[in-house]
Amino acid sequence: MKHWKNEVLLDPFGAPVSQDRIITSFPKWYTPDACLQLKEHFHSRVSTACQHRNTGTAGLRLSKVVVVGDLYVGKTSLIHSRTSADFLTSRRLCKNVFDRDYKATIGVDFEIERFEIAGIPYSLQIWDTAGQEKFKCIASAYYRGAQVIITAFDLTDVQTLEHTRQWLEDVLRENEAGSCFIFLVGTKKDLLSGAACEQAEAEAVHLANEMQAEYWSVSAKTGENVKAFFSRVAALAFEQSVLQDLEKRPSTQSQVGDGGGDLIRIEVPKTQEDKRPPGLGCC
Ligand SMILES: Nc1nc2c(ncn2[C@@H]2O[C@H](COP(=O)(O)OP(=O)(O)OP(=O)(O)O)[C@@H](O)[C@H]2O)c(=O)[nH]1
Ligand SMILES: [Mg+2]
């Protein structure tokens with residue numbers, strides 16, 4: 001059983017999240033050719049636990065997301081971007097401001113992104129790392145305890161795609177094998193179209209399968225797929241957290257109830273299939 005090393009509990013009575021961070025149904029993948037899970041609904045045990053407000057500490061926890069990739073690929077812009085057709089005025093995912101000029105990240109930075117998933121508050125702690133070689137040793141000190149790894153590359157620069165393999169290896173070295181959800185994200189989709197875009201995506205999907213990663217193409221400039229992508233990340237991480245919380249309860253039987261009145265008891269299956277880390281080979 002994995003316990004997230006950076007586990008931090010949040011105030012359950014924080015301010016409500018904005019409407020667009022409310023996730024009620026399981027968000028879909030970008031392409032079925034490179035996705036972590038092809039299902040369209042939350043796991044039945046997770047749905048039941050959410051309905052009965054019996055998600056344990058999962059709803060109070062921060063899940064760590066580490067974003068890596070070459071310099072200038074657009075990691076910071078992706079983290080801060082939200083859907084908007086206006087590059088200048090688009091509200092950022094976390095900060096609600098936008099700066100079109102390049103400002104290299106120095107070492108690391110992080111943002112907390114709050115969601116409400118199936119009625120339960122849930123937060124991602126998104127670590128934005130520097131792509132510049134000279135900051136690598138600082139950034140790598142923060143790789144440990146990642147539940148999600150996002151390896152980003154620039155769709156217009158094939159070299160940055162080739163480097164994602166090394167970035168992933170570096171993060172995986174600091175984490176338990178098979179314990180992380182891995183995403184490969186092609187950025188700056190607005191700069192490519194037609195055959196060039198299809199070609200870049202095909203190469204990325206191929207690599208994503210080798211990396212056992214889920215593939216997404218996004219644009220921080222137009223906001224295309226940004227919200228859908230982070231919703232997908234949040235939902236997968238949330239579901240895994242709830243399932244782990246249910247599993248780590250004292251017996252193999254979990255109580256599902258609202259803390260008062262009658263309780264329904266459900267069997268928590270303990271099959272090999274059930275224990276497999278959901279980040280790998282689920283398609
Ligand atoms: N056209 C376009 N430009 C983008 C997009 N995303 C980022 N950029 C630009 O790409 C440049 C680099 O973006 P950053 O987000 O700072 O890149 P980074 O990966 O964080 O770079 P480091 O912090 O040095 O590792 C900036 O000038 C952004 O405005 C995008 O979706 N489309
Ligand atoms: Mg940056």
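Predicted model: local features only at pLDDT ≥ 70, side-chain atom pairs only at ≥ 80, totals over all residues.

User: Which residues are the closest to ligand 1?

Analyst: The surroundings of ligand 1 comprise 21 residues. By class, that shell divides into nine nonpolar, six polar and six charged residues. The closest are Lys75, Ser77, Tyr102, Gly131 and Asp190.

User: How much of the area that ligand 1 exposes when taken alone does the protein bury?

Analyst: Oxygen atoms of ligand 1 are placed 2.7 Å from a side-chain N or O atom of Lys75 and 2.7 Å from a polar backbone atom of Gly131. An oxygen atom of ligand 1 also lies 3.2 Å from a polar backbone atom of Lys221. Taken alone, ligand 1 exposes 660 Å², and the share of this that the protein buries is 94%.

User: Is Thr76 buried or partly exposed, and what of Thr105?

Analyst: The limit between the two classes is 20% relative accessible area. Thr76 has a relative accessibility of 22%, so it counts as partly exposed. Thr105 has 16%, and therefore counts as buried.

User: How many disulfides does the model hold?

Analyst: A disulfide is a covalent bond between the sulfur atoms of two cysteines. The criterion applied here is a pair of cysteine sulfur atoms within 2.5 Å. By this rule, the number of disulfides is zero.

User: Are Cys35 and Cys50 buried or exposed?

Analyst: A residue counts as buried under 20% relative accessible area. Cys35 has 6% relative accessibility, and Cys50 has a relative accessible area of 3%. Because of these values, Cys35 and Cys50 are classed as buried.

User: Which side chains make polar contacts with the side chain of Asp170?

Analyst: Asp170 is part of helix α5 (residues 164–173). With 9% relative accessibility, Asp170 counts as buried. Its side chain makes polar contacts with those of Lys136, at 3.0 Å, and Arg173, at 3.2 Å.

User: Which side chain is joined to that of Glu239 by a polar contact?

Analyst: Glu239 lies in helix α7. Its relative accessibility is 4%, so Glu239 counts as buried. A polar contact of 2.8 Å joins its side chain to that of Lys39.

User: What distance separates the C-alpha atoms of Phe229 and Gln132?

Analyst: Phe229 is located in helix α7 (residues 226–247). Its relative accessible area is 0%, so Phe229 is buried. Phe229 and Gln132 are 97 residues apart along the chain, and their C-alpha atoms are separated by 25 Å.

User: What is the phi of Arg53, and what is that of Asn225?

Analyst: Most residues other than glycine have a negative phi. Arg53 lies in the loop between α1 (44–51) and β2 (62–68) and is exposed, with a relative accessible area of 55%. Asn225 is found in the loop between β7 (214–217) and α7 and is partly exposed at 21%. Both have a positive phi: near 50° for Arg53 and about 70° for Asn225.

How values were computed
Residues numbered from 1 in each chain as written. Chains lettered and ligands numbered in written order. Heavy atoms only, no water. Near = heavy atom within 4 Å. Polar contact = N/O pair within 3.5 Å; in protein donor to acceptor, adjacent residues only side chain to side chain. Areas by Shrake-Rupley, 256 points an atom, 1.4 Å probe, with all protein chains shown as cover. Nonpolar A, V, L, I, M, F, W, Y, C, P; charged D, E, K, R; others polar. Buried < 20%, exposed > 50% of the residue type's maximum accessible area, 1.4 Å probe, protein only. Helix = DSSP H or I, 4+ residues; strand = E, 2+ residues; numbered from the N terminus.
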